[in-house]
Amino acid sequence: MGEAAVKSAGAPLSGPIAEYPYRIEIATRWGDNDMLGHLNNVVYNRCIEDIVTKFTRFELDVDWLKDDCYPVTVETLCRFHKQLSWPDPVLAGLTVQSLGNSSVTYAIGLFGEDVLSPAATGTFVHVYIDRVSQRPVPIPIAVRNRLEKIVLSRAAE
Amino acid sequence: MPDATETRADYFDFQPVQTRWNDNDLYGHVNNVVYYAYVDTAVNKFLVEAGGFDPHTAPVIGICPESHCNFLKPVAYPEKLEVGLRVGKIGNSSVRYEVAVFKDGEQTPAATGYFVHVFVDRESRRPVTIPDAIRAALAGIAVEGDVRNGTHG
């Protein structure tokens, strides 16, 4: 994990929701707001984790409990641009920012009503490790193929 | 910018953290997002204790425009942790805290990162000059400058 941890994930994207090919809506809850009346900054990070893990589970078909190797989080970043608050839902978008041998960096955008201008942007780095050795391993080929499709479609735009 | 070679000696304030059962995720270690809650709590506790910040009534509040974390080694409930704090940069209305999470009794960090506060008017939410008492507290744990008097342990 150390090797990946010293790399910097790079800057998040800044554009509209259309930049992100994978999108989910996240409901907010009363307790997500802090005493300042907006979503606590930690909750933004929870939303970012939510879209990364759902993408990993449902689009990459990774099973954390059974697969021989699985991703762990080595670095995350969030920039907060606008306030979000309960009870409004959050629209989250994800794309693949860069793909290494054992690591993948996602760029994420969180949006409120205005889908042209993000309320928050972030990056999130997964490193695939072997379940037994806990050491980094190459991203499994089936997972890599799915990630590369997104990288290629971004490059074609 | 904090890095993995740092030790406790690089930080000037420490806030204790008792991990909770539900901080652990499926991996059996503290979930990445929970580190941000530790840091959020530690930074605000410092402002309350050292800067006289009253979160219920203060006319000026700190809001977070950016946060970052590198996860170096796992921690897990029921371990006791400490969040190490220092101030990397103070501007007119914003401060950048550099932070590290330490396991109880360990010298090298389990995670390092930073957390930025911009101080705003509670009502208008527009940036304002950092209040004097808070600025003095922040200067007391700052990396640069001569305000520190060597009393930090």
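**Entry 1: the sheet**

I began with the sheet of this predicted model. I found ten strands in one open sheet, ordered 1(A)-3(A)-4(A)-5(A)-2(A)-2(B)-5(B)-4(B)-3(B)-1(B). The pairing is antiparallel. Strands here are DSSP runs of E with at least two residues; helices are H or I runs of at least four; both are numbered from the N terminus. Two strands pair if DSSP finds at least two bridges between them.

Which strands stand at the edges? They are strand 1 (22-26) of chain A and strand 1 (13-18) of chain B. Each has a single partner strand, so one side of each is left without a neighbour in the sheet. Neighbouring strands are turned by 25° against each other on average, direction ignored. Axes are lines fitted to C-alpha atoms, for helices over the stretch in contact; angles between N-to-C directions run from 0 to 180 degrees.

**Entry 2: how I read the numbering and scores**

Residues count from 1 along each chain as its sequence is written, while chains are lettered from A and ligands numbered from 1 in the order written. Local features need pLDDT of at least 70, side-chain atom pairs count only at pLDDT 80 or more, and totals for chains, interfaces and linings use all residues.

**Entry 3: where the chains join**

Strand 2 of chain A and strand 2 (residues 60-71) of chain B run antiparallel, joined by five bridges. I picked out A:E75, whose bridge partner is B:N70. A:R79 stands opposite B:E66.

I then checked contacts, meaning C-beta atoms, placed from the backbone, within 7 Å. In total, 19 residues of chain A are in contact with 19 residues of chain B. Which element of chain A gives the largest share of its side? Strand 2 does, with eight residues. By class, that side of chain A has ten nonpolar, five polar and four charged residues. Ala, Val, Leu, Ile, Met, Phe, Trp, Tyr, Cys and Pro count as nonpolar; Asp, Glu, Lys and Arg as charged; the others, Gly among them, as polar. The predictor gives the complex an ipTM of 0.88 and a pTM of 0.90.

**Entry 4: chain B**

I counted two helices and five strands in chain B. From the N terminus they run β-α-β-β-β-β-α. Helix 1 (residues 32-51) of chain B lies across strand 2 of chain A and strands 1 to 5 of chain B, at about 65° to strand 3 of chain B. The C-alpha atoms of chain B fill a box of roughly 40 × 35 × 25 Å along the principal axes.

How much of chain B is buried? Of its 153 residues, 39% count as buried. Buried means 20 or more other C-beta atoms within 10 Å of the residue's own; exposed means 12 or fewer; partly exposed lies in between.

B:K89 sits in strand 3 (residues 80-90) of chain B. B:K89 has 15 C-beta neighbours inside 10 Å, so it counts as partly exposed. Its C-alpha atom is 9.4 Å from that of B:L138, 49 residues apart along the chain.

**Entry 5: confidence**

Chain B averages a pLDDT of 93, and 93% of its residues score at least 70. pLDDT is the predictor's confidence in each residue, from 0 to 100. Where is chain B under 50? I found that stretch at residues 146-153. Where pLDDT is low, the predicted coordinates should not be read in detail.

Definitions and conventions
Contact = placed C-beta atoms within 7 Å.
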